[in-house]
Amino acid sequence: MKKVFLFFALIAVFVGQAQILEPVKWSTSVNKISATEYELVATATIDAGWHLYSQNVPEDGPIPTSFAFEGNANYLKKGNTVEGEGHTIQDPIFEMKITYFEKKADFKQRIKLKGKTPFQVKGTVEFMVCDDSRCLPPTEVDLVFNVK
């Protein structure tokens, strides 16, 4: 009986240690700019102590945040995805100037509509986050924008 109890106690300890960290939650919204132009907004909510890297990171640095949008016949992309203002620091780990975001970051992509029918824009975001002691591997998350 003691061995069975010990076995389950050890399993509980290992399962408790194997929690998955998800310090960034993504949400989407759509802003109407004009009758034919909309802005897709991807918002990252970042847990305290973590930072999300910019789209513009020097070579040999961390993985930059990047967006990919599935093409479809309902819209055309206008320009590149723009990001809000982050914090630029001399990073001691990567030994370079890096821009990152804390708490919240908005990324915006403008599109031009080809018609008036509601549709979805599907995309993905790849990103990397770090805290003061570790970095998580790059993560990819699916995004859906409802254009009405």
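Predicted model: local features only at pLDDT ≥ 70, side-chain atom pairs only at ≥ 80, totals over all residues.
1. Numbering starts from 1 along each chain as its sequence is written, and side-chain values use heavy atoms, with hydrogens and water left out.

2. The secondary structure comprises 1 helix and 11 strands; helices (H or I, at least four residues) and strands (E, at least two) are DSSP runs, numbered from the N terminus. The order from the N terminus is α-β-β-β-β-β-β-β-β-β-β-β.

3. Of the 148 residues, 34% count as buried, where buried means under 20% relative accessible area, exposed over 50%, and partly exposed in between (1.4 Å probe, protein chains only). The protein exposes about 9,700 Å², of which carbon and sulfur atoms supply 54%; these areas come from the Shrake-Rupley method with a 1.4 Å probe.

4. A nonpolar core is a set of buried Ala, Val, Leu, Ile, Met, Phe, Trp, Tyr and Cys residues joined through side-chain atoms within 4.5 Å. The largest has 26 residues, and W26, L52, F67, I111, V121 and V147 have the most contacts inside it. Two or more residues each come from β1 (24–32), β2 (37–46), β4 (66–69), β8 (104–113), β9 (119–127) and β11 (139–147). The greatest share is that of β2, with 5 residues. A second, separate core of 7 residues includes V57, M96, I98 and Y100.

5. Beyond its neighbours within four places in sequence, L52 is in contact with residues including W26, A44, I46, Y100, F107 and F127.

6. An open sheet is formed by 4 strands in the order β6-β7-β3-β10, with antiparallel pairing; two strands pair if DSSP finds at least two bridges between them. Because β6 (87–91) and β10 (129–130) stand at the edges, each with a single partner strand, one side of each is left without a neighbour in the sheet. The antiparallel pairing of β6 with β7 (residues 96–101) runs over 5 bridges, and H87 stands opposite Y100 in β7.

7. D131 lies in the loop between β10 and β11 and counts as buried, at 13% relative accessibility. A polar atom of the D131 side chain lies 2.8 Å from the backbone nitrogen of S133, and the side chain of D131 also reaches the backbone nitrogen of R134 at 2.8 Å. Neighbours within four places in sequence aside, D131 is in contact with G49, W50 and H51.

How values were computed. Contact = heavy atoms within 4.5 Å. Polar contact = N/O pair within 3.5 Å; in protein donor to acceptor, adjacent residues only side chain to side chain.
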